[in-house]
Amino acid sequence: MNQISRRVPLVDGVAKVTGALRFTADLDVEGLLHCALVFSPHPHARVASIDAASALAVKGVHAVFWHENTPARYYNSSIWFAGQEALADERMFAPIVRHVGDRVAAVVADTEEIARLAAKLVAVEYVSLPAIFDPEAALLHAGLAMREDGTPTFMNPVAYESFVRGDTEAGFAAAELVVETHITTPRSHHCAVEPHACIAKPEPDGRIGILSPCQSVFAVQAVVVQALGVPQEQIRVTKTPIGGSFGGKAEPILDPLCAFFALALGRPVMIRYDRHETFTATRTRSSVMGRMRLGLSSDGRILARETETLVDFGAYCTGGDYLPSSMLQRLVRLYDVPAERYRGRAVYTNTVPAGAFRGYGSPQIHTVAEITLDIAARRLGIDPVAMRLRNLVGPGAIEPWQGLDVGNARGRECLVRGADAFEWEARRQMGTGRGRWRRGIGVASATHINGCYPGFHEETTATLKLLPDGRAELVCALHDLGCGADTTLAQIAGETLGLRACDIAIVPADTDTCPYDLGTRASRMTYICGEAIRRAGVALAEAIRAAAVLELNTEAAGLRLEAGAVRRQDGSGLALSDLADRLVARGVELPAATETYRAQANPGSYAAHFAEVEVDRLTGCVRVTDYLAAHDVGRAINPMLVEGQIHGGIQIGIGYALYEDVALDRITGVMRGNSFSRYTLANASEMPPMRVVLIEEGEPTGPFGAKAVGEIATIPVAAAVVNAVNDALATELTHLPLVPERILAALG
Amino acid sequence: MTALAVVAPVDIAALRATLAAEAGPVRFIAGGTDMLIAGRPLAGTGLLVDLARVAGMAFISTDDADVRIGGATTVAALAADCGLRARIPALCEAAGQCGSVQIRNRATIGGNIANAAPAADLMPVLAAAGTRLALLKNDGTQYEAALCEYLPDSGHLIMEVILPGNALLPCSAFVKLGPRRDLTISRLNLAMLAEFQNSHFGTVRIAAGALGPVPLRMHLADAALGGRKLEPATLREFLSALATEVDAAIPGRNSQIYKRRAVAGLGLDLIAQAVGLSPRDRLFEEAVE
Ligand SMILES: Cc1cc2nc3c(=O)[nH]c(=O)nc-3n(C[C@H](O)[C@H](O)[C@H](O)COP(=O)(O)OP(=O)(O)OC[C@H]3O[C@@H](n4cnc5c(N)ncnc54)[C@H](O)[C@@H]3O)c2cc1C
């Protein structure tokens, strides 16, 4: 093995740290105009009038846009292919604003400074409308979400998912213990280093080119086409380097506006949000109210489970209607539950829209389930690790909802080896201590998906081509979000071709030059794109060997690709660059291979996380003092990047458990956590020592046995930390985040 | 519209000359860590005087009876100064807990005082130490005022921060409580100067931040400790005094319920630091059992 299981540095790492890499807002585009938006200060209001005269009078202002002079077309910013059915309820600018921070108008000017100044001069009159902030109250605003003519009603619930398996009543009747919980998870924000930005520019051929730090160029194209009502060919999207996303840039928020302004003005336009706008006018994680009822036998077997979830996705649906079913999908592939009943609903409220965020519903549902399980374990007096082992699914299990095979599921190994490395038993014996500071330990298991199979044409196409210099070019609509996917995928390609990761030239995702791909979502990069690339690599290697047969006057069978050369069995051979030279000299096209891979499975990735905390009973402050994460990754293509994903996942999860909440005011709808001074993240000094245990048992359907780690890394964290706090204090805290006030209140 | 003019005097003479020559409004900028952060519009006109490069405005003098600190001294310099640590460790402690390394390298003591944030971390220490300020008016007159008399809106320049020697006490401490431990704005902070010998407190002065617009001197808490032996009973009285002070300072506020309880933990940490014990010492456990 040349590239696999190696700690290869990021292929774009040097360019990033030296500043050579240009992010969208740093790009030099000739004649670029800048834009500033006007946002609603009201949670729900009719825009009675807009007077743009003063703004237009400012020197350097080119135009002011609002609902009367922009397309009145409804769209859904979460679609990822043209024509995808989704509740279309957004408009570029609507005559009714639905959350504080909703878009009202935009000023386009020579400079951002002028645009921002003029935006303050746009005079808007509002007529306030009643607003709903509470998801349970939102259920009372009941009705069909869409009228027959396709206009949205903003009535609830928007989504409803239910599932029944087995006889839950019998299960509860037979149970030794029945536990009921009510758990709430907060609205957290992505906090990517790079705020949202987009550039759109008219091309000489009448098209609009969009430069977007996005998760799918095809999704951007589909949304822009839907919003503008232009033909798909008219929109070209190129992915720019991205300074973090975590799902926050999965939905094109600025792109439709930017494209329209460029089209209307015939000039390139950039919109970039500042930090405050990125908080208040993009997306958050949806909050979930979960109620769970768990029936258990005396030895900790789950006999029956009833789950009810209520998702608050804010002012616009985006992908929120998928959440109840996504959560169900992830819930049922962790434990073997003989009798299950699930009901999930999703509602509108007059708050900032929710959207994709690392794990897409999984952190919410596993937080609900894993906290409940721990409360049950404590009440039954059973070790929470033992209880989980009693119920976890194993390799080859068929999950009951979609009937999918969970693959080489190694959740048990995660628990067993993780508990061992964490010295779980010994720590449990130590107890919580007495007095002001209490120590506790917590565990949580989790699972997540690998790609979108069986839905949404889960397939991708990769082309690998030998370059004249002996390297290879990879075309596959890849969207590295900063997590290192490009590096991992280059390692896979390199492995098949006897090249290094840095020898693989990755063509940026572009709707003109790349075949369709769903984009970076659903933990599919390594598992799906990686397999397509591996197959293309194997095919290219074959083509290279075939081409070398003539040059080396030998049989293809004996040739191998190694260290940038094609070699005979005795080690003699030809550098790939020399081979390319000879082929070019003979006028032969350089070998290339294209493979389309359509997913056949959707195995689970599994994890078990272990946290130790110390809680100050006087101040309510929690410190995570030690952490261990065990992950079933099939095979770590790049252990360093896998560990990096896990470390980052722990950071997000600790914040989710203890601090993070955009804190929407229940009376005004105003976001209080709208800046880094008011929104607390776990920073470096809050981070505990972290250890990672990798379980590498190989997933037969994954490239070189690999499965996903990107999203699952953050999924069990919050529950592990909350469970540790509950262990330390003998409490049953269930409302996240566990801010000191909540902790002191629970202590009475 | 006349644009904002910026000058960076090189020394105090040049600074005085600049001020004397300016008829219009004058503003000062030192580290800029309060002034330049996003969301706060800078004035568009007038004169902005940069204090960061004025020779002679950044110094720490601890050899004489009074401790004197130049108004443009950085928080990082305060945190690292051994002479200061010997005279009033609480100020070094408070400085060391301000913001992050980057912030401390820019932030100044003058800025912390003039910005007058309720949560400013240097303020309770300065308040407990009976600090006086040497101030300069635009017309060139210099005068001294007690910290509590200084009006941030006056626009008068803080030239020096003076900790009168006769008010300094041998022990001191500073503790803060924020949403996280590092790079965090205080939700509550406490400073203490005290005499402590043979397990007994002598004079004690305590001040709290983030309980009102200006630091709160906590006289009930002073009295609960002053002249008393350090023992669980004393500590219990001290904690109850702290809660009473919090109740009186922020009655009916949302944060009152939390702060009146959390102040107990912070109060014990304060004493532990002042007398050089671990907050995990049995003594403190007994006090809250
Ligand atoms: C990320 C971050 C974290 C922070 N964390 C903390 C913290 O933990 N604790 C804390 O206390 N503060 C904190 N602060 C606030 C800030 O750093 C301090 O208040 C700092 O001491 C301000 O000093 P400065 O020199 O930067 O002030 P500047 O921003 O330069 O000035 C602030 C104000 O003071 C005036 N001014 C400055 N110097 C003088 C002078 N000599 N005479 C008269 N007026 C003057 C200015 O005109 C201005 O009005 C933080 C700030 C940031 C951005």
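Over the face of which residue does A:Arg293 lie? A:Arg293 lies over the face of A:Phe172, at 4.0 Å from the ring centre, where a charge counts as sitting over a ring if NZ of Lys or CZ of Arg is within 6 Å of the ring centre and within 35 degrees of the ring normal. A:Arg91 lies over the face of A:Tyr74, at 6.0 Å from the ring centre.

This is a predicted model, in which local features need pLDDT of at least 70 and side-chain atom pairs count only at pLDDT 80 or more, while totals for chains, interfaces and linings use all residues. Residues are numbered from 1 along each chain as its sequence is written, chains are lettered from A in the order in which they are written, and side-chain values use heavy atoms, with hydrogens and water left out.

**Aromatic pairs**

Over all chains, the structure holds 15 aromatic pairs, which are rings of Phe, Tyr and Trp (its six-membered ring) with centres within 6.5 Å, counted as stacked with planes under 30 degrees apart, as edge-to-face over 60 and as tilted for the rest. Two of these pairs are set out here.

| Pair | Geometry | Centre to centre | Between planes |
|---|---|---|---|
| A:Phe39 and A:Tyr273 | edge-to-face | 5.7 Å | 70° |
| B:Phe196 and B:Phe201 | tilted | 4.9 Å | 50° |

B:Phe201 is buried with a relative accessible area of 3%, whereas B:Phe196, at 23%, is partly exposed.

**An open sheet in chain A**

Three strands of chain A form an open sheet in the order S4-S2-S6, with antiparallel pairing, two strands being paired if DSSP finds at least two bridges between them. Strands S4 (96-97) and S6 (123-128) stand at the edges with a single partner strand each, so one side of each is left without a neighbour in the sheet.

**Between the chains**

In all, 19 residues of chain B are in contact with 21 residues of chain A, contact meaning heavy atoms within 4.5 Å.

Technical notes. Helices (H or I, at least four residues) and strands (E, at least two) are DSSP runs, numbered from the N terminus. Buried means under 20% relative accessible area, exposed over 50%, partly exposed in between (1.4 Å probe, protein chains only).
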